[in-house]
Amino acid sequence: MAKHIQAVRGMHDILPDRTPYWQHLESVVRRLLESYGYQEIRMPIVERTELFKRSIGEVTDIVEKEMYTFEDRSGDSLSLRPEGTAGCVRAGLEHGLLHNRQQRFWYAGPMFRHERPQKGRYRQFHQVGVETFGFPGADIEAELILLCARLWRELGLDDVRLEINTLGTSEERAAYRELLVAYLRDNYDALDDDSRRRLESNPLRILDTKNPEMQSLVEEAPRLMAHLGEESRAHFDRLQELLEAGGVSFTVNPRLVRGLDYYSHTVFEWVTDRLGAQGTVCAGGRYDGLVTQLGGRPTPATGFAMGMERLLALMEESGSLPAPPAPHLYLAMVGAAAERRGLVLAERLREALPGISLVTGCGGGSFKSQMKRADRSGAALALILGDDEVAAGQVTVKALRDRMEQQRLDEPALVGYLRGFFTP
Ligand code: ATP
Ligand code: MG
């Protein structure tokens, strides 16, 4: 026999025993976002490579090292999307949705990054992303954060904490960048290889280093916060005021910087300690520079993305995954005559009892083996059709979860009985 072909490393099947959890997460997220007036947008999974180079920036890890880039048959350079913001802005510009309008969008789907696979880090992973356009103030940022806080509550998560920071305007950041580079250059000997490499390309990212040997160096680095202009400071103060009013606790983490170049002012992350090193479940902020970077007119923009695998892992860790679903009914059909009547009966019950799930004993087998399958299905009730029942025009009803007298009913009585049984 030929060897089985395996899935691509870092890309995972989501099997039927897990899909109910995904569906649960997706439906809670969808309901919540819609209740805040966010509208769903669906973008292609493949975009021109140029889009990511121009938005995320050529010197970021994502574009330098992590993108799945290929030439298609017409010689165009395309990439699997590593994130959704660039595509969302591209779509908004292409369809004229961003100019002089307020928009609240969301999307969900797979993203692709060629990273080293490990717990909480995959090469195909899934994000829910939210983007807003046309809102310049801290109010929308507070709304995004309040929305996340509500989502954690609805998902039964209480171990996620909020960190916020401000990156100021791009001018303020550019000025600060020079101070930071000068400081780091003075301490060149203490920098690790990664940081030396980033010194020219993306020095702010050095603040985010996970290397314990560089912690004190980074602690003592000049602070961007101390070099903000009045407006930036007021913006950040306002956000904190709104969060306090909304009852959301947070810490200001001056070392919180994002890997992507297009952020300005507010950045935030929701972090948990329960998932080891991959503890960030949601990250976002303001990116007023992006729309112009992609050829549009100046447009205030904010958003966040959350990692669905990490959220599910945290739900599992917190014991808040829902019980696996089970059908209401399992119909055992023993013998050819019962099968014929059974499939018709099943259709009539589906018609008469909308919302009821009924699994049939297709494939046949003995009474005993069908009852075993009925039990394994998790159904509340088994309906049994054998020769006796067919001859009498009746159905036997047997409770599989409760102690209850088994009974035989004809069809009209059966419908009434089931309706009563399943409506509280
Ligand atoms: P990290 O620092 O963990 O690499 P990031 O800054 O690259 O994260 P973002 O681009 O902000 O992540 O993506 C938002 C969220 O998507 C992350 O907070 C995380 O929950 C999730 N995420 C990012 N990369 C991966 C991945 N490779 N596998 C699983 N989830 C991921
Ligand atoms: Mg990353």
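Two strands pair if DSSP finds at least two bridges between them. Strands (E, at least two residues) and helices (H or I, at least four) are DSSP runs, numbered from the N terminus. With those terms, turn to the sheet. Five strands form an open sheet in the order S13-S12-S14-S15-S16, with mixed pairing. Strand S13 (358-360) and strand S16 (407-410) stand at the edges. Each has a single partner strand, so one side of each is left without a neighbour in the sheet. From one strand to the next, the twist averages 30 degrees. Angles run from 0 to 180 degrees between N-to-C directions, and axes are lines fitted to C-alpha atoms, for helices over the stretch in contact.

This is a predicted model: local features need pLDDT of at least 70, side-chain atom pairs count only at pLDDT 80 or more, and totals for chains, interfaces and linings use all residues. Residues are numbered from 1 along each chain as its sequence is written, chains are lettered from A and ligands numbered from 1 in the order written, and side-chain values use heavy atoms, leaving out hydrogens and water.

Now look inside the sheet. Strand S14 (residues 381-385) and strand S15 (residues 394-399) run antiparallel, joined by four bridges. Leu-381 stands opposite Ala-399 in S15. Helix H15 (residues 411-422) packs on the sheet. Helix H15 touches S12, S14, S15 and S16, where contact means heavy atoms within 4.5 Å. The direction of H15 makes about 120 degrees with that of S16. Helix H13 (residues 367-377) lies across strand S12 (329-333), S14 and S15. H13 runs at about 170 degrees to S12.

Next come two residues with a positive phi. Which strand holds His-265? His-265 lies in strand S9 (residues 264-271). Phi of His-265 is near 55 degrees, a positive value in a residue other than glycine. Asn-100 is not a glycine either, and has a positive phi of about 50 degrees. Asn-100 sits in the loop between helix H4 (85-94) and strand S5 (103-112).

Are these residues buried or exposed? Buried means under 20% relative accessible area, exposed over 50%, and partly exposed in between (1.4 Å probe, protein chains only). His-265 has a relative accessible area of 11%, so His-265 is buried. Asn-100 has 71%, so Asn-100 is exposed.

Finally, visit Ile-45. Ile-45 is found in the loop between strand S1 (39-40) and strand S2 (46-48). Its relative accessibility is 34%, so Ile-45 counts as partly exposed.
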